[in-house]
Amino acid sequence: MVKEIVDGLENGAGLSKDALAALLLCGDMEEIAYLKAHARQAADRVFGKDIYIRGLIEFTNYCKNDCYYCGIRCGNEKAQRYRLTRKQILECCRQGYALGFRTFVLQGGEDAYFTEKRVCAIVYDIKSKFADCAVTLSIGEKSRRTYQAYFDAGADRYLLRHETANSAHYAKLHPSQMRLENRKRCLYDLKEIGYQAGAGFMVGSPFQTVDTIYEDLRFLGELGPHMVGIGPFIPHRDTPFAYAQAGTLEMTLRLLSIIRLLHPRVLLPATTALGTIHPAGRELGVQAGANVVMPNLSPPQVRKQYQLYDNKRCMGDEAAEHKQELAKRMADIGYRLVVSRGDYGKE
Ligand code: SF4
């Protein structure tokens, strides 16, 4: 059964809801090994043995939103807030450049301090000083005009996880002022403007079902993103979902493989959350079809404060300064970290 579905995916036959359920619920690990191996082969055909690295700079943990799953939501009074200065952000890039990073991901909450003008100035500075690098922004929902301004300042890519493509599910994860339609509008705007755009979702988020995952995959099919970020849901102690069950490694790996087979050229990270729930999560993610890793380039003193979920790994090989360890771990499974912008897999 799994073999037939995987062969169909490879031939572009798509995926029915029943087939998705069969892949997610299958208890036969030999059959699932076939899924993962074929997803990896699909990635190899586009990217070879190259694994792209991104330097993640978490530059503010202030956020105006109150997403129920997030440790830096505005309602969490226990979060210790910080912002990096423009100078500190540039220093992170300088260090990252010396370490061989050619993409910087500026990630933060929706922080009013970082106005359109301030973000544009930072992007412009980075692109002026590190002309051969790509800048990715991941700072939430903005107007089309603002996205255009960031793009004109030099931003290349934008990550905005849609989290769930089902409105009722979205409403269970977010307060009522946040709307799935707006999130989708943002993603379509980003694509139209010319960004390499990334969507994605948590695996195992509260109230998620096979049906909602199927809607997520349908939405990804409609949007055609250049990047897809998925990682296991991990609860944070100071959120309404503190006691919810975490997503699993296995479900995340299967979905990485399914997404790789549906979108062979997409940039697919083995996320920090995957590395957090399992010590070999990143390697397993790559072996299931991922082709991107994003070590942390933020100043070490603030890394623990950017806690979207509990026990986030941000030291050791998750830290940019330990890139050699990460490179060795990738080499041990037959892959190499490359010094390159690492763009979307062209045909
Ligand atoms: S998930 Fe993003 S938008 Fe929501 S509270 Fe956290 S940082 Fe803010």
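## Helix 1 and helix 3

The crossing of helix 1 with helix 3 is right-handed. This description refers to a predicted model. Helix 1 spans residues 2–10 and helix 3 spans residues 29–47; their axes come within 9 Å and cross at roughly 15 degrees. Because angles under 35 degrees count as roughly parallel, helix 1 is roughly parallel to helix 3.

On the side of helix 1, the contact involves Val2, Lys3, Val6, Asp7 and Glu10, which meet Glu31, Tyr34, Leu35, His38 and Arg45 of helix 3. The residues of this contact comprise four nonpolar, one polar and five charged.

## Helix 5 and helix 6

Helix 5 contributes Glu116, Val119, Cys120, Val123, Tyr124 and Lys127 to the contact, and helix 6 contributes Arg145, Thr146, Ala149, Tyr150 and Ala153. By class, the residues of the contact between helix 5 and helix 6 are seven nonpolar, one polar and three charged.

## Serine 205

Serine 205 is located in the loop that runs between strand 6 (196–203) and helix 9 (210–223). Is Serine 205 buried or exposed? Its relative accessible area is 3%, so Serine 205 is buried, the cut-off for buried being under 20%. Leaving aside residues up to four places away in sequence, Serine 205 touches His169, Leu173 and Phe233.

Definitions and conventions: Residues are numbered from 1 along each chain as its sequence is written. This is a predicted model: local features need pLDDT of at least 70, side-chain atom pairs count only at pLDDT 80 or more; totals for chains, interfaces and linings use all residues. Side-chain values use heavy atoms; hydrogens and water are left out. Contact means heavy atoms within 4.5 Å. Helices (H or I, at least four residues) and strands (E, at least two) are DSSP runs, numbered from the N terminus. Ala, Val, Leu, Ile, Met, Phe, Trp, Tyr, Cys and Pro count as nonpolar, Asp, Glu, Lys and Arg as charged, and the others, Gly among them, as polar. Buried means under 20% relative accessible area, exposed over 50%, partly exposed in between (1.4 Å probe, protein chains only). Axes are lines fitted to C-alpha atoms, for helices over the stretch in contact, and angles run from 0 to 180 degrees between N-to-C directions. Angles under 35 degrees count as roughly parallel, over 145 as roughly antiparallel, 65 to 115 as roughly perpendicular and the rest as oblique. A crossing is left-handed if the near helix is turned anticlockwise from the far one by less than a right angle, and right-handed if clockwise.
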